[in-house]
Amino acid sequence: MGALSKRLGLASRRVLIVTAVAATLVAAGSAAATARVKSTGDHILAGTRIDGIDVGGFTRAEAVTAVQRRVDSVMSSRITLTARGESVTVTPAQLGSRADVGSAVDRALEGPKLGWLSNLWHRATGTSVHQRVRLPYNNTGAQVASTVGKLASEADVPVQDAGVVMVNGHVAVHHARSGWSMDQRTAGLLLSSAMLAGRNAAIRLPVSQTLPQVTDRQVGTTITVNVGTNTLDLYKGLKVVKSYPVATARAGFTTPRGSWKVMDKIVNPTWTNPAPNGWGAGMPAFIGPGPGNPLGTRALALSAPGILIHGTYSAGSVGTYASHGCIRMHISDSEDLFPRVSVGTQVLVTSG
């Protein structure tokens with residue numbers, strides 16, 4: 001019986017202890033829902049990690065040294081970006097990335113916020129707190145965007161349709177060219193992720209291709225008129241197939257420069273006096289087809305108001321500045337050109 005009484009006494013005391021602890025916990029819980037668990041002395045609590053680095057038991061200085069080593073490795077990692085053969089290698093440090101090591105270590109020293117039950121249990125047992133502290137890196141979005149933008153400026157190529165065009169008042173022949181464009185938003189995200197990974201990396205940036213709508217073989221017929229040399233060139237595709245001498249506007253009149261189109265094709269045209277009260281005063285209102293007709297035997301009416309490409313019986317004027325704005329050709333040349341073009345053909349008139 002003595003042994004049994006002794007065992008019953010121990011059990012009773014344990015019940016009392018558990019009851020007392022429970023009461024204490026309840027009282028603590030009513031006082032505060034959470035409390036910050038702080039280490040004793042100047043050592044970080046066991047189980048604490050900063051950016052994945054175990055700093056449990058470290059002093060502040062030791063933790064700063066350990067974490068800074070990690071930061072230095074991240075900052076010096078080499079990231080090579082490639083887009084369409086253009087490459088650039090950068091490091092997070094070059095892009096202005098920085099990490100606040102000191103504040104992260106200070107947060108680790110302060111300890112985590114735990115529920116009151118976990119708090120008491122940790123203090124009673126000394127078990128790990130499993131604290132995870134994030135190491136903040138500053139925002140380098142502007143530098144990342146600038147780096148990606150510079151690479152894009154070298155890799156991007158605008159799409160180009162084939163054609164005979166006017167550039168700054170001069171005729172230019174453009175061959176078809178595919179366009180290339182970098183997705184700068186995705187490129188920036190890839191670069192930012194590589195910077196945080198802290199490892200050397202080679203990244204091929206996303207570049208999309210745009211095909212031209214007009215290829216070299218799809219280019220049609222184009223007429224160009226060089227007022228500076230009084231020459232008309234006929235292009236088939238991107239090549240000149242015929243050249244003709246022409247006459248253009250005399251002093252006081254203008255052959256309008258620009259890009260025009262053939263609006264009509266006329267065989268044996270009738271001339272209508274365009275300025276009966278001006279330079280055409282005293283001339284007939286109309287002159288029908290035949291010798292002496294100012295428009296010759298063939299005429300191409302342009303979208304430039306009142307301007308035609310036409311033949312002339314005044315052969316000596318061709319090659320000079322003699323018209324009232326129209327583009328004159330030898331009769332035979334106008335007849336040669338006529339079947340080679342269609343309504344809608346582009347006509348480029350330049351000064352030289």
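This is a predicted model: local features need pLDDT of at least 70, side-chain atom pairs count only at pLDDT 80 or more; totals for chains, interfaces and linings use all residues.
Local features need pLDDT of at least 70 and side-chain atom pairs count only at pLDDT 80 or more, while totals for chains, interfaces and linings use all residues. Residues are numbered from 1 along each chain as its sequence is written, and side-chain values use heavy atoms, with hydrogens and water left out.

**View 1. Crossing of helices H5 and H6.** The axes of H5 (residues 141-155) and H6 (residues 184-197) come within 9 Å and cross at roughly 125°; helices are DSSP runs of H or I with at least four residues, numbered from the N terminus, and axes are lines fitted to C-alpha atoms over the stretch in contact, with angles from 0 to 180 degrees between N-to-C directions. H5 and H6 are therefore oblique to each other (angles under 35 degrees count as roughly parallel, over 145 as roughly antiparallel, 65 to 115 as roughly perpendicular and the rest as oblique). On the H5 side, the contact (heavy atoms within 4.5 Å) is made by Val144, Thr147, Val148, Gly149 and Ala152, and on the H6 side by Gln184, Ala187, Gly188, Leu191, Ser192 and Met195.

**View 2. Packing of helices H2 and H3.** H2 (residues 60-75) packs with H3 (residues 101-110) at an angle of about 135°, the axes being 10 Å apart, which makes H2 oblique to H3. Arg60, Ala63, Val64, Val67, Gln68 and Val71 of H2 make the contact with Val101, Gly102, Val105, Asp106 and Leu109 of H3. These residues divide into 7 nonpolar, 2 polar and 2 charged (Ala, Val, Leu, Ile, Met, Phe, Trp, Tyr, Cys and Pro count as nonpolar, Asp, Glu, Lys and Arg as charged, and the others, Gly among them, as polar).

Terms used
Helices (H or I, at least four residues) and strands (E, at least two) are DSSP runs, numbered from the N terminus.
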